[in-house]
Every structure is written in C-alpha cells, then in structure tokens.
Amino acid sequence: MASAGMPIYEPGNYQDNRPTYKPTLAGAIVAYHKKSNPKAQTELAVDVATGTGIFARELPRYFSKVIGVDLSAEMLAKARVQGGSGSVQYTQSPAESLPFLEDKSVDLITVATGAHWFDVPAFLAEARRVLKPTGTLAIFGYTGMARFQRYPQCDIVLRDYAMGEEKLGPYWEAGREVLVEGYQEYHKELAKSGWASIQRSSYPCVLDPTPSQFYPVHVPIEPNVMDFKVTWRRLRQFLSTWSPLKNYDSDHPEVGGLCDSTISDMMLVAGVTNMDENLHLDWEQTLLLSHPPAFGKH
C-alpha cells in the first residue's frame with residue numbers, strides 16, 4: 001500500500017511510549033555502509049517514515065546532514081521539539097516520492113518500523129533513484145510481539161492481542177503482515193531488482209512464513225534492532241500506542257479497554273500482581289541491509 005494509507009498515531013503518546021533503538025544500531029549500519037566500498041560517503045542520510053524522529057536523531061553523529069521524512073505534519077511537529085532535533089531537517093513527503101532529493105544524492109536511507117506501510121516496488125524505485133552508487137538502504141523494525149523469558153505462558157496472550165481475529169487482527173491497516181513476516185517481501189523485491197550485498201537478520205527466530213534458501217535470513221545471538229526494557233506498567237503504555245486499538249475499543253465498548261484487559265490477563269496467567277516488576281522479553285525484530293544495483297559503479 002502507499003504510505004498515504006499509513007495509520008494515524010497520537011504524536012505525544014507515540015514519542016513517549018514507543019521503544020528507542022539500540023545505541024549500537026546506527027553504528028552497525030554505518031559499518032555495513034563503509035565495509036564494501038572505501039569510497040562510501042557520509043554526507044547525507046534520509047530517515048523515511050521518521051515519525052517523531054526517534055531514529056533520525058541517532059544519525060547526525062555519523063552524517064553531515066540528516067533529513068527526516070514523514071507524511072504526518074503532526075508527527076513532524078512533535079519531532080521538531082525533541083531534544084537534539086536541531087541537527088535534523090524535517091520534511092513532509094510520502095515515501096514513494098521524494099522530489100526534493102536529487103538523483104544519486106543520498107548516502108544512506110533508513111526506515112525504522114515503517115517500511116511495511118509502503119508500496120514496496122514504488123518505494124524501492126525511488127530509493128534507487130536517490131541513492132548514490134555507493135549508498136545503503138537500511139530497513140528495520142519490530143513487530144511488537146515478544147517472548148517472555150520468565151513467563152512463556154504470556155506469549156500466546158500477547159500474540160492474540162496483536163493478531164487474534166477477535167482482537168486487533170482485523171483492525172490493522174494493510175501492510176502489517178510485511179513486518180510480521182520479517183520483511184521477506186522486501187528481500188524478494190531487492191533480489192529480483194538486482195540490489196547488492198543483501199543481508200537480513202531476524203531475532204529471536206526466523207520470522208518468514210515460508211523460509212527459502214533464495215532469501216536467506218540470519219538469526220543473531222542477541223537483538224540488534226531494539227532491546228526494550230519494560231515493566232508491566234511500561235508494557236501497557238507501549239501497547240496503548242498501537243494504531244488499531246482506538247478503533248477496536250470504539251467498536252467494543254463492552255470490553256472496557258482491550259489494552260488494560262490484556263495486561264490483566266497476562267498478569268493473571270503469570271501469577272503476579274506487581275505492575276512495576278521488571279520483565280525480560282525477547283522482542284521480534286528484523287534488520288535488512290542492501291546496496292543499490294550497480295553498487296560502487298559511477
């Protein structure tokens with residue numbers, strides 16, 4: 001789907017209660033960017049679907065100029081008032097059309113938990129247009145689902161909240177499955193279009209519905225995208241940011257708030273009552289890296 005159909009979030013809740021990314025992630029992406037070609041530059045990075053700029057603010061330490069792009073004026077307004085945002089320029093635009101960027105002008109494009117809302121071929125064509133021959137595309141995200149190390153009986157409750165036919169499953173905008181399936185669709189499209197040095201990793205397991213030797217995925221020994229530390233209370237705040245929740249609660253007032261009832265159900269099966277207990281979760285996440293076709297050729 002085109003990014004014009006992306007879900008609508010409440011900017012303040014999104015900024016305050018969404019996970020940040022691992023401090024090592026930006027550096028790992030830059031290391032990949034530089035590894036294959038010593039001529040790779042760090043002049044311009046563009047963070048597409050930047051939201052409130054959570055990941056864009058990680059990039060100025062590596063790049064001379066950083067632009068955060070989003071379709072939502074409200075999200076960009078929130079991004080501009082965040083600390084350190086003065087080093088990031090924000091622009092309103094859909095992912096599939098970036099007319100303010102010249103051909104072969106961008107060193108790095110990042111998409112942090114947003115690429116699943118895009119028209120995949122259209123976005124990749126635009127990324128190919130604006131990336132330098134030595135450029136890098138980094139797509140990564142987390143599904144919001146996790147494995148409870150201490151309370152594995154909670155796994156199924158969380159997954160049912162996210163994907164259950166009687167819960168949020170029918171309320172997601174089209175595209176959610178692209179993320180849940182570990183960006184396999186992007187991997188296929190990149191390979192078909194001749195992109196170079198494709199690397200994809202999923203943690204804590206292979207997320208592909210149909211794993212294939214043609215689109216291999218690596219399982220790292222530790223998370224490389226995010227490692228969100230939560231209590232039950234913090235988990236509840238995070239789950240409240242999910243885009244389909246408002247519509248579900250509107251359609252089902254008798255439930256009395258699906259997010260709250262889900263937390264109560266998980267705490268019940270875990271046999272705990274302390275909302276401030278520290279949890280240990282393995283969050284589902286994927287990192288996909290690639291260089292444009294004809295990589296390194298001028």
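**Ground rules.** I am working with a predicted model, where local features need pLDDT of at least 70 and side-chain atom pairs count only at pLDDT 80 or more, while totals for chains, interfaces and linings use all residues. Residues are numbered from 1 along each chain as its sequence is written, and side-chain values use heavy atoms, with hydrogens and water left out.

**S243.** I found S243 in the loop between α8 (232-239) and α9 (245-251); helices are DSSP runs of H or I with at least four residues, and strands are E runs of at least two, numbered from the N terminus. Buried or exposed? S243 counts as buried because its relative accessibility is 11%, the limit being under 20% relative accessible area with a 1.4 Å probe, protein chains only. Its side chain makes a polar contact with the side chain of E173 at 3.4 Å (N or O atoms within 3.5 Å, one able to donate a hydrogen and the other to accept it; residues adjacent in sequence count only if both atoms are side-chain atoms).

**α8 and α10.** Next I looked at where α8 meets α10: W232, L235, R236 and L239 touch C259, D260, I263, M266, M267 and A270, contact meaning heavy atoms within 4.5 Å. I noted eight nonpolar, no polar and two charged residues there.

How values were computed. Buried means under 20% relative accessible area, exposed over 50%, partly exposed in between (1.4 Å probe, protein chains only). Ala, Val, Leu, Ile, Met, Phe, Trp, Tyr, Cys and Pro count as nonpolar, Asp, Glu, Lys and Arg as charged, and the others, Gly among them, as polar.
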